[in-house]
Amino acid sequence: MADRSVTFTGIRFENPFLLSSAPPTESESNITRAFEAGWGGVVTKTIGLHPVVNVYGAKAKFMRTTPDDANVSMKKRPGAALHSSWNWELISDKTLEWWAPRIRRIKEAFPNKVLIASIMAGSGNDKELKHWQELAETAQGEGADGLELNFSCPHMDRRDMGSNIGKDQGLCSVVTEAVKEVAKVPVWCKLTPATADIVVEAAACFRGGADAIVSSNTFPSIPLIDPETLEFEINVDGLVSSGGLGGPAILPLALAKMASLTKAFPDKSFSGIGGVSDFNQAASYFLLGCGTVQVCTAAMLDQAVGPNVIKRLLAGLDKFLDEHAKDGWKNVEDFRGIRRDRIVLQSEIRRPEAAEYHSGYETVEGYAAPQPEETVRV
Ligand SMILES: Cc1cc2nc3c(=O)[nH]c(=O)nc-3n(C[C@H](O)[C@H](O)[C@H](O)COP(=O)(O)O)c2cc1C
């Protein structure tokens, strides 16, 4: 039988697939069901010190697209395929006191599964940094195997929270360092993809002592406006704010973020998220250098915790290892990162000689047939 296990930041996982911090991991019953279904680990819904109150109505919706007109809409239509999730959900609306005994009970019931506590506080002053430490110490004291620092929530109004930390390399370092001062377990930093160069913020986290970088959280986005009602497809009193896009639509975007990270820090640890529902997508993250892969949107749409998604991921990994047994691959480590070096500058990509440049007249999708007499090259 294939060896599915991985050791990531010193933690042993029976398989490299985790539910990411989101609704699938917001309760003890969900996490219990997830472990029973086969997930190797979970990252809890982000825990803060202060209760939050979410907006009226739906906190997340799903956009679907149709083959005939490529319309992207939250309206349910027959034959439409998933395009993305959109959410404006805040962190857990349960307190640390609510979470603490649950973390303990879950770990006692599933000692061989991995439970990572996602935490978030402010960062504006020493009191806020102490909040990070309090969250970290409580979670690890209750048995959490690791900590994921949420520097990535895209819709926090406070300037010293969520993705606003992930957009400020100074804060990334300071908060990571504060948590590392008290941490006895590995510390992962989950960065926002909404910066010019995520390598800068990752470097800052590593300077602060981070054991791994996690990417991507959702991408900043707004829902579409219904052309009939002229209302946003999700709104409260007609109003909407920027929220986060996840699911298939972000897969290539998240891969680009991850590729820049794993290329910049080939010896560091990375957990990949974004658009995974099947082993085919997870494989790209592993081949780029990730040691684990996390899933949210696909799991939400599969009985809330993804029992079929994890089945597919495990079956896909087994089949892949089986097919590559001839290459000597026995586990994820044997093929992790082997395609990282294929991403180069555009100027390093081979071009045809001038003579053969217009030799092919096959029509390429999206282009008209080339004009035979055209010789100007741009
Ligand atoms: C409804 C919803 C709530 C989320 N809440 C959190 C959260 O509390 N903390 C966090 O780090 N990420 C949160 N996320 C982001 C996911 O963990 C994940 O990074 C993102 O959805 C991309 O993965 P996907 O393409 O598999 O959905 C949330 C995502 C959704 C859709």
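Here are some notes on the aromatic pairs, salt bridges and ligand contacts of this predicted model.

1. Let me start with the ligand. There are 24 residues around it, and those that come nearest are S21, T46, G247, G275 and T297. The protein covers 98% of the 610 Å² of accessible area that the ligand has on its own.

2. T46 places a polar side-chain atom 2.7 Å from a nitrogen atom of the ligand. N150 also has a polar side-chain atom facing a ligand nitrogen, at 3.3 Å. With G247 the backbone takes part: one of its polar backbone atoms is 2.8 Å from an oxygen atom of the ligand.

3. On to the rings, where the structure holds 16 aromatic pairs. In one of them, W86 and W88 have ring centres 5.4 Å apart and planes at 55 degrees; an angle over 60 would be needed for edge-to-face and one under 30 for stacked, so this pair is tilted. Both W86 and W88 are buried.

4. F206 and F265 give an edge-to-face pair, with 5.1 Å from centre to centre and 65 degrees between the planes. Where do the two residues sit? F206 belongs to helix α6 (residues 198-207), while F265 is in the loop between α7 (251-264) and β14 (269-273), so the pair ties together parts that are 59 residues apart in sequence. As for burial, F206 has a relative accessible area of 11% and is buried. F265 counts as buried too, at 16% relative accessibility.

5. If you like to look at groups of rings, select F17, F279, F286, F320, W329 and F335: together they form one aromatic cluster.

6. W98 deserves a look for the charges over its ring. R102 lies over the face of W98, at 3.9 Å from the ring centre. K94 lies over the face of W98 as well, at 5.2 Å from the ring centre. R102 turns up again among the charged side chains, where salt bridges with shared partners join it with E28 and R105 into one network.

7. The structure holds 17 salt bridges. Side chains of opposite charge can pair when their charged atoms come close.

8. Is R158 buried or partly exposed? At 35% relative accessibility, R158 counts as partly exposed.

Conventions: Residues are numbered from 1 along each chain as its sequence is written. This is a predicted model: local features need pLDDT of at least 70, side-chain atom pairs count only at pLDDT 80 or more; totals for chains, interfaces and linings use all residues. Side-chain values use heavy atoms; hydrogens and water are left out. Rings of Phe, Tyr and Trp (its six-membered ring) pair if their centres lie within 6.5 Å; planes under 30 degrees apart count as stacked, over 60 as edge-to-face and the rest as tilted. Buried means under 20% relative accessible area, exposed over 50%, partly exposed in between (1.4 Å probe, protein chains only). Helices (H or I, at least four residues) and strands (E, at least two) are DSSP runs, numbered from the N terminus. A charge sits over a ring if NZ of Lys or CZ of Arg is within 6 Å of the ring centre and within 35 degrees of the ring normal. A salt bridge is a side-chain nitrogen of Lys or Arg within 4 Å of a carboxyl oxygen of Asp or Glu. A residue is near a molecule or strand if one of its heavy atoms lies within 4 Å of it. A polar contact is a pair of N or O atoms within 3.5 Å; within protein, one must be able to donate a hydrogen and the other to accept it, and residues adjacent in sequence count only if both atoms are side-chain atoms. Accessible areas come from the Shrake-Rupley method with a 1.4 Å probe; for residues, only the protein chains shown count as cover.
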